[in-house]
Amino acid sequence: MKTGHTHTFSLDSFQASAEIVASYDSFFVALSVLIAIGASLLSFILSARTNRSDFKNERYIWAVASACFLGFGIWSMHFVGMLAYQLPIAVRYNPLITFFSIIPAIFASLIVVSHHPRGPQKLWLRSLYMGGGIGSMHYVGMLAMEMHAVMAYDIYLFSLSIIVAVVLAGIALKAHSYIQGKQVSVAQQLIPATIMGCAISGMHYTGMLSMHVFAVSSTEFSYDQSHKGLAYIVIFMVAFFAFIFVLLIELRARTLSSNRFTAVLNTVQEGVMSFDNDGKLEFINPAALTMFGYEKKELQYRRVNDLVNHANGDNAVLLNEVIKAANGGELRNRPLRIEGVRKDGSTFPLSFLVNRLPGDHEAFVCTVKDLSDVKNQEVFAQTVFDTLPDMLFVKDAETLAFTHANDMGAELIGVAKHELVGLTDFDIFESEDAKHIIASDTALLEGGNRESCEESKIVINGEERCFQTKKVVISCANNKPQFILSLSEDVTELRKTQDKLEALNKRMSMAADAAHIGVWEWDLETNELIWDDWMHKIYSIPKDDFNDHYSVWANTVHLDDFDDVKTQMDHAINTNSEFHAQFRVQVSRDNIRYVRADGRIQGNKMFGINIDITEQVMAEERIKELASQDSLTGLANRRALTTYLEQEFARIERTNMRCVCLYFDLNTFKPINDTHGHNVGDEVLVEIADRMKRLCRESDLAARVGGDEFIIILTDVDETFDLDGFIDRTHLAVSKPITTSIGTVAVGTSIGFASYPNEATNLDDLIRLADERMFQQKSLKEVSNR
């Protein structure tokens, strides 16, 4: 046998040789067992992190780290256990074999630890892997021992050591599978770790029992073979590297968690910021930076109260929430609203929610959200609500208390909008009415339909009013009822009118015959038309010639009026409103009647009446003519002249033209009138009026303003208009002889003129100036005639 080498044989070959008796250091034995349990515990803790990790790469890292740590723990236990084994001969350890002995343990640990609970591996197979890995590491490690002796193994104890490793490893893995993937404490992890440590230690010391060392001729005995120094070094290195390893792993976990958490905060749309108990900002995400208009470096020394409005007391609101969080008080489950302050000093509405961060360092996290768009939408919605002519209310679905109201609702109820918020129906209406309203709301919330429409009578301010109310349930994202929207239309007057109409229907039907009113009914779907007797009389269509169709009536309406009547009728149908029209009916080629029609939609039919107003229309037209015409000559009277000039003045302002007023006074008319009487005088005036009509253009106007005084208004007069020529033609036309009942007579005329706006600025000045000039001309003629 070569010095420094150990030969291993079967135990049966050395029955006659002297066996060397070994001893164990109990302290190192116990220490080796603790190392095995500690390594298993840390390995299982790292394995639990492997299963909880959501990232594939991280699961690989934790699995490899856990396997390496468990393999290194098995190897350390084995090495300390070998140092606890004391022989009275010199023993050395081959470094290369010692190093390679750790590989089977790491490999087996990797297979077992990286197993996923839902994977196909069987427990017995994993137990074989683990037990085989422990046994391989042990017996490979035993080969590293170098001494002047021969080692022999008891085959039964050798096999038993492998069985102990496999069985105890299986028990440990089974116990660990019950708590794998759960949030358990270290104490709960200690049970499978202890079993696994016992499996490792049990296999080791069972394997050591199977080993026997026999002396050979070159064996030198020495009782000073203590390896305590080496053992302490190994123990120290195991503890040191375990500490460093766990520290690095924990540091990596915290760094990854922090980076991921920061990345999440940087991508959320809501603003997030944290600050210490002095209010100094520690973190603010990009969304919050954009919201407040700052760069990150600009907020390095700022405090959270610099970002809220102090004028409205919002800083006190924020401070109150921070104090609640610091004292562990109950916080609101809904964010509060305050005003934020941007870098440029402008304020904006925001919501915030404060919570205390866990840890020894007292700090707080605050989520903020810009509510500018929400506020604008609320203002827009409230403005729309307030412009509605009907009452609008919004109630909380849980408490049935009012949360919103429009102007009309507050006005009808007689309560200010801000005072209405938070009240219930019992605070506003009488008890019976409130019970009815709440019962209706409750039925709507509990029923399958989310909409309802009903009509009810409610007493408001001592007056009973009738309302037609439509209710809609507004649900949240989870389809849970959140609000009830009520839109109520006050139909009190409508119902009163309907009641009055129903009471009048009987009297109307009796009066219709007496007043010659025709009653009709029109089916909007079939176009069937039903007339009573007076309708046939008004339209002069015998019953035998009437085929009960809408087209019969349509063909009688005057072509110039049909489009307007049809438009009004379509509007009434489309808007479900009343129909009122006045039109002409072509009874025959030369006979036209005026008809007034009134109708109302009810269902798919229109009911109405027709009244023959021909005599009334003709009388009105005659009255209009008499009111605006001179009764003798047919010329415009002073009233019509005034109306015409007012319109003409307005038109001149737009066209920048001018008009001329010619004022006429007949010469020698009074002698004719006095000598021959008023009848002859009237004949002269009629003839003069006809001549003036012929002198006027279509746009001009001739009027009689006195006994023998006339006015002609010339319009659209420009610089090219020959006014003198027109006056000459007028003189010539008036001075021509006039044939009367007593013979031929002749009159002359004096004419004065004035223009607008060159010479006069209003109607009175225009006529007065023309009258003065006419009078001057008349005076000159009288002087010349003398």
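**Exercises on strand pairing and helix packing**

The axes of helix α21 (residues 669–676) and helix α22 (residues 678–695) come within 6 Å of each other and cross at roughly 145°. The model is a predicted one.

**Exercise 1.** Determine which residues of α21 and α22 meet, and of what classes they are.

*Solution.* From α21, the residues in contact are F669, I672, N673 and H676. On the side of α22, they meet H678, V680, G681, V684 and L685. Sorted by class, the residues of this contact comprise five nonpolar, four polar and no charged.

**Exercise 2.** Decide how α22 is oriented relative to helix α23 (residues 723–735), and describe their contact.

*Solution.* The axes of α22 and α23 come within 10 Å and cross at roughly 150°. Angles over 145 degrees count as roughly antiparallel; therefore α22 is roughly antiparallel to α23. The crossing of α22 past α23 is right-handed. The contact involves I688, R691 and L695 of α22, together with F726, R729, T730, A733 and V734 of α23. Its classes are five nonpolar, one polar and two charged residues.

**Exercise 3.** Identify the pairing of strand β13 (residues 363–370) with strand β9 (residues 271–276) and with strand β12 (residues 347–357).

*Solution.* Strands β9 and β13 pair in the antiparallel sense, over six bridges. Within this pairing, D276 has A363 of β13 as its bridge partner. Strand β12 also runs antiparallel to β13, and eight bridges join the two. Here L353 stands opposite T367 in β13.

Note on methods. Residues numbered from 1 in each chain as written. Predicted model: local features only at pLDDT ≥ 70, side-chain atom pairs only at ≥ 80, totals over all residues. Heavy atoms only, no water. Pairing = 2+ DSSP bridges. Helix = DSSP H or I, 4+ residues; strand = E, 2+ residues; numbered from the N terminus. Axes fitted to C-alpha atoms, helices over the stretch in contact; angles between N-to-C directions. Contact = heavy atoms within 4.5 Å. Nonpolar A, V, L, I, M, F, W, Y, C, P; charged D, E, K, R; others polar. Parallel < 35°, antiparallel > 145°, perpendicular 65-115°, else oblique. Left-handed = near helix turned anticlockwise from the far one by under 90°.
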